[in-house]
Amino acid sequence: MAVFFTVALMTMACPLLAFDMGQSTRCVAIPHKMHVCKDVGYSEMRLPNFLGHSSLESEVVPHSEDWRPLLQTGCHPQAQAFLCSLIAPVCLDTFIQPCRSLCVAVRESCAPVLACQGHSWPDVLDCDRFPAEEDMCLSHHGKPGIFSKGLPKSACQNCPYVEEAPESKTILDSFCSHDFAVTAKLHRLRLPTGEPEFEIEGRVEFIRQGPLLPYDTQHLLQQWLLINVRCARALVRPGRSQLYVLTGSVQHDGTLSLTRVFPWHRKDANIAVAFRKWKHHRC
């Protein structure tokens, strides 16, 4: 996933600047295999699109896949709408571009995710190039969903400290000094480029729940793996699974920060001892 945006940058270097609103366009059905813009809310798109792509098979569909890893991080609820308005613009009597406010909102949320992958927000998506709100354009819905408001969220961070064969006291100290502690089995998949590389196997078990919510924690950790893919790759080899004890905190801005990670191997008795002591004594 670390290289996906390099491809996107190369394919998007100049087309938006050169796109001529007066050129002849045609309407075509959005292909079923174009997963990025599946269920976007309309079924037909314009060609050429706003990135200058005129061929579905050789340009639009393959280049749209470059954006899938970013969208899978959930960096902004309207990121799909923003990107698909450029990749697969809706086929109406007039050209509908994303509004400048939508671009700014998506950039503020998604640029840090790109930075986590070692990439900057591309110049071709300079928000000043898009129309102001008073023009006809795809607008930004500023209010958060009622189910996401106030929930902890994943963000880019420095990789947590991984400690092999820790002493039971070290583990107990970590339980006490952090907001939460959970056990989770991380699995690294062998899949084609564009697919999620990691998943949480089974249930996430709470040791110390803190501010985490039972129905949200597995998804929260999954998003952390997708955003902090460099850290995740250091934890698990391809095709393997590993059980971990994860401890960390939720920052004042609501972002999750994993601080210490303890691999739990079958022969590791110290973690089991720490569990028993925690149940009886806590902090």
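This is a predicted model: local features need pLDDT of at least 70, side-chain atom pairs count only at pLDDT 80 or more; totals for chains, interfaces and linings use all residues.
Which residues of helix H8 are buried? They are Thr217, Leu220, Leu221, Gln222, Gln223, Trp224, Leu225, Leu226 and Ile227. Keep this helix in mind.

Start with the chain as a whole. It contains 10 helices and 9 strands. Of its 283 residues, 49% are buried. The chain exposes about 14600 Å² of surface. Carbon and sulfur atoms supply 53% of that area. Now look at how the chain meets itself. Take the contacts between residues at least 6 apart in sequence. Among these, 73% join residues at least 24 apart.

Return to H8. This helix spans residues 217-227. It is mostly covered, with 9 of its 11 residues buried. Step past its end and you reach Asn228, in the loop between H8 and helix H9 (229-235). Asn228 has 1% relative accessibility, so it counts as buried too; the cut-off for buried is under 20%. What does Asn228 touch, leaving aside its neighbours within four places in sequence? Its contacts are Cys116, Ala155, Cys156 and Gln157.

Next, find two other helices. H7 covers residues 168-177, and H10 covers residues 269-281. Their axes come within 8 Å and cross at roughly 50°. The crossing of H7 and H10 is right-handed. On the H7 side, the contact is made by Ser168, Ile171, Leu172, Phe175 and Cys176. On the H10 side, Asn270, Ile271, Val273, Ala274, Lys277 and Trp278 take part. What kinds of residues form the contact of H7 with H10? They divide into 8 nonpolar, 2 polar and 1 charged.

Ala165 has a positive phi of about 50°, although it is not a glycine. Is Ala165 buried or exposed? Its relative accessibility is 57%, so Ala165 counts as exposed; the cut-off for exposed is over 50%.

Look for Asp39 in the loop between strand S1 (26-29) and S2. With 70% relative accessibility, Asp39 counts as exposed.

Now follow the chain beyond S2. This strand covers residues 44-47, and a loop links it to helix H3 (56-64). Pro48 lies in that loop, between S2 and H3. Where is the cis peptide bond? It runs from Leu47 to Pro48, with omega near -5°.

His53 belongs to the loop between S2 and H3 as well. Its relative accessibility is 5%, so His53 counts as buried.

Asp39 and Ala165 count as exposed. His53 and Asn228 count as buried. Finish where the tour began, at H8, with 9 of its 11 residues buried.

Definitions and conventions
Residues are numbered from 1 along each chain as its sequence is written. Side-chain values use heavy atoms; hydrogens and water are left out. Axes are lines fitted to C-alpha atoms, for helices over the stretch in contact, and angles run from 0 to 180 degrees between N-to-C directions. Helices (H or I, at least four residues) and strands (E, at least two) are DSSP runs, numbered from the N terminus. A crossing is left-handed if the near helix is turned anticlockwise from the far one by less than a right angle, and right-handed if clockwise. Contact means heavy atoms within 4.5 Å. Ala, Val, Leu, Ile, Met, Phe, Trp, Tyr, Cys and Pro count as nonpolar, Asp, Glu, Lys and Arg as charged, and the others, Gly among them, as polar. Buried means under 20% relative accessible area, exposed over 50%, partly exposed in between (1.4 Å probe, protein chains only). Accessible areas come from the Shrake-Rupley method with a 1.4 Å probe; for residues, only the protein chains shown count as cover.
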